[in-house]
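The following paragraphs are intended for a reader who meets this structure for the first time. They proceed from the overall arrangement to local details.

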Amino acid sequence: MVDEFDDVDVVVVGGGFGGLVAAATAAERAKAVVVLEAGTRVGGTITLSSGLLHMFDAPSWEVFHATFPTVNPDLGKAMFEHFPEFMKWLGDDIGVPMARVPLPVDSYGDPQRVPHGHILGLSSRAAIAQPVLKRLSTLAYAVLGDTYLRTLDRMLLRRLRQAVVDHLQAAAVTRGARFIVGTRVGTIVSEGDGRHRIEAVTPSGPISLRTRAVVLATGGFQGSSSLLTKHLGEGGKKAICRAARTNTGDGLRLGQSLGGDLAGPMDRFYGLPMPVLPKPIDHEEDPIALLSCSAYYAGSAVLVDRAGMRFVDEPAAAKHAEVAYAIAAEADGECWAILDEVIETRFGRKGFGDGLLPPLELIESARRRGATVTVTQTLPELIERLSEEGVDADGLSKTLEQYNQACRDGSASELSPPRTKKPLPISTAPFYAIKLVPGVSMTYGGLRIDEQARVVDTSGEPLPGVHAVPGLAGGLYTQHYAGALAACGVFGRIAGQAATPRAS
Ligand SMILES: Cc1cc2nc3c(=O)[nH]c(=O)nc-3n(C[C@H](O)[C@H](O)[C@H](O)COP(=O)(O)OP(=O)(O)OC[C@H]3O[C@@H](n4cnc5c(N)ncnc54)[C@H](O)[C@@H]3O)c2cc1C
C-alpha cells in the first residue's frame, strides 16, 4: 500500500467537467488533491458535447425561476447566484477560451432580448470571424459532405473541447493535484473521524487512499442499462447512453453506502431522441455522431408509437428537451418520427457552435451510419412500410388523417395530445420515417445535496466531508432542462470550495 495516499485533503472521483472544476478549485486551497478517473483519460462527456454553456442570461433569479419553475428553488438559486463568479474564474483564472454567442431560442419569450451563451474552447476572436467561417463551413460541407465533417471534427472541434479539459487539468496540476486515470473507485468507507478510506483499482493494481473530503463527480447512470431499466421502467430498456459510457451510476452506490439520500425524480433526464444504429457509436472514432445523429427535428415531426398513435405534444416537449423523456415514459421507449419534405427541409438540419459546424443533415447522418430511414412518395406506401416494422397500420393511418385534417382546419391544439405549435401537415412528398429511442445525457435524479454541494442523509443532515456534483447529484432539475454544463460547473466549484473550508 502506498503511504503517499494516506493523508489526502480531497479526493475527486470522476474527471468530467464537474470533477475537473472541483479539482482545480480544491487545489487552489489545499495541498493534496487527487482525481481518480475510470476512463483512460479525463474529460468525460464534455469531450463529446457541443460545449455551449448557458443559463439563458436571466436578468434575475426571479425571472429565471418564473421561466423554469420546476428547477429546485434552493439549488437553482445557488446555481444562479454563483454563476457569474464561476464564469469569471473559468475565463480569467483558468484561462478557458470562450466566445459569447447568441442563443437560438429565447426561453423568456421576450422579442426584445437576445439571450447569450458561451461556446467553451472557442476564442472570442474566432467569434468575430464567425460570419465568414460560417459561410466557408457551409460551402465546404455542401461540397465535401461527411469527409469535411470528420476532418473538421478531428482538426478543430475535438481540440476546442479538449482545450477546456486541458486548461482545467493544467490548472489543477500546477496547483499540485494528481490525476490517476483508468482507475475506478469501488468502495468508500467512513473511518469515523471525519475521514474516508477509498479503494480503487488502477491499471497496475488496487490502491487505497485516506482523505479528509471526497467529491463525487461520476456523472449520471445513463451508461448502465440495468439502472436505466430500474428507474425509467420499460422505456429505459431501449434507452441509450448519450454521454460518457463509463457513467454507470457508481456514485449513487458509493454515496448511498455512506448514508446519502436520493433526490428524484429518478426517471427524468435531459437527452435527445436517437436513431437505432446497427452498432453503438464509437466515441473515440466518431464522436461527432452523437451530435449529428441526434433527432433535433423530433419536436417538429409527428411522433407515433407502435400503435400508430401520437403520444406527446411534440414542439411543447422539445421546448424543454423532454421529447426523449416522453418516448421513454409514454411510448415504451421507441417511436417513429414522420416528416414530409417541408418539415425535413426546414428542421432536418442543425448547425452547432454558432455555425462553426454547418447545418448538418441529421437524418442523412443517421442513414449513413446504418439507421433504417424509410422514404416514400406516398403516405399509404409509408404506412405499409412502417407496418413491416411492427407499427399498427390502421392506427397510423387514422392518426395521420386526423392530424392533417386538424392542421388544415386550424384545430391542431384540440387534438389529443394537442399540437400547440408548428402544426405542419404531412402532405408534401417525399415522406420520411425513422425509428427513435431515448438518448440519455443527464439524469436528473441522484444523490441529494444541499446548496453547498454536501451530500445529505434522509433527515437532511450533511454527511461530513462528502460532496457531490450534478449529473451525479440529483434534484436540481425535476422536469425542465436549464443547462447541464452550467449545473456541473457551478456545483463543481461549490463542491471544491466546500471540501476545502478555510479556517475563519
Ligand atoms: C452530444 C452532447 C451534446 C451536449 N451539449 C451540451 C451543451 O451544449 N450544453 C450543455 O450544457 N450540456 C451539453 N451536454 C451535456 C454535458 O456535456 C454533460 O452533462 C456534462 O459534460 C457532464 O459532466 P459531468 O461532470 O457531470 O459528468 P461526465 O463528464 O460524464 O464525467 C463523469 C466522469 O466520472 C467517471 N467515473 C464514473 N464512475 C467512476 C468511478 N467509479 N471511479 C472513477 N471515475 C468514474 C467517468 O468515467 C466520467 O469521466 C451535451 C452532452 C452530449 C453527449
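The centres of domain 1 and domain 2, taken over C-alpha atoms, are 32 Å apart. This is a predicted model, in which local features need pLDDT of at least 70 and side-chain atom pairs count only at pLDDT 80 or more, while totals for chains, interfaces and linings use all residues. Residues are numbered from 1 along each chain as its sequence is written. Domain 1 comprises 3-118 + 167-265 + 444-498, and domain 2 comprises 271-440; such bounds come from an automatic or database domain assignment.

Where the two domains meet, 19 residues of domain 1 are in contact with 22 residues of domain 2. Two residues are in contact if their C-beta atoms, placed from the backbone, lie within 7 Å. On the side of domain 1 that touches domain 2, α7 (225-232), α8 (234-238) and β10 (240-241) each supply at least two residues. Of the elements on that side, α8 gives the most, with five residues. Helices (H or I, at least four residues) and strands (E, at least two) are DSSP runs, numbered from the N terminus. By class, this side of domain 1 holds eight nonpolar, six polar and five charged residues. Here Ala, Val, Leu, Ile, Met, Phe, Trp, Tyr, Cys and Pro count as nonpolar, Asp, Glu, Lys and Arg as charged, and the others, Gly among them, as polar.

A residue is buried if 20 or more other C-beta atoms lie within 10 Å of its own, exposed if 12 or fewer, and partly exposed in between, with C-beta atoms placed from the backbone. The core draws at least three residues from each of domain 1 and domain 2. When residues up to four places away in sequence are not counted, V215 touches several residues, including V10, V12, H467 and V469.

The ligand is surrounded by 40 residues, of which G14, G16, G44, G219 and T246 are the closest. A residue is near a molecule if its C-beta atom, placed from the backbone, lies within 6 Å of it. Among the elements that each supply at least two residues of this shell are α1 (17-29), β7 (184-190) and α17 (484-498). The shell divides into 18 nonpolar, 18 polar and four charged residues.

An open sheet of three strands has the order β3-β5-β4, with antiparallel pairing. Its edge strands, each pairing on one side only, are β3 and β4 (98-102). Two strands pair if DSSP finds at least two bridges between them, and β4 and β5 (residues 116-120) pair over five bridges. The bridge partner of R100 in β5 is H118.

Some backbone details remain. The loop between α16 (393-409) and β18 contains P417, and the peptide bond from S416 to P417 is cis, with omega near -5°. P430 is found in the loop between α16 and β18, and a cis peptide bond with omega about 0° joins A429 to P430. K422, with a positive phi near 40°, is partly exposed, having 16 other C-beta atoms within 10 Å. A453, with phi near 60°, counts as buried, with 31 C-beta neighbours inside 10 Å.
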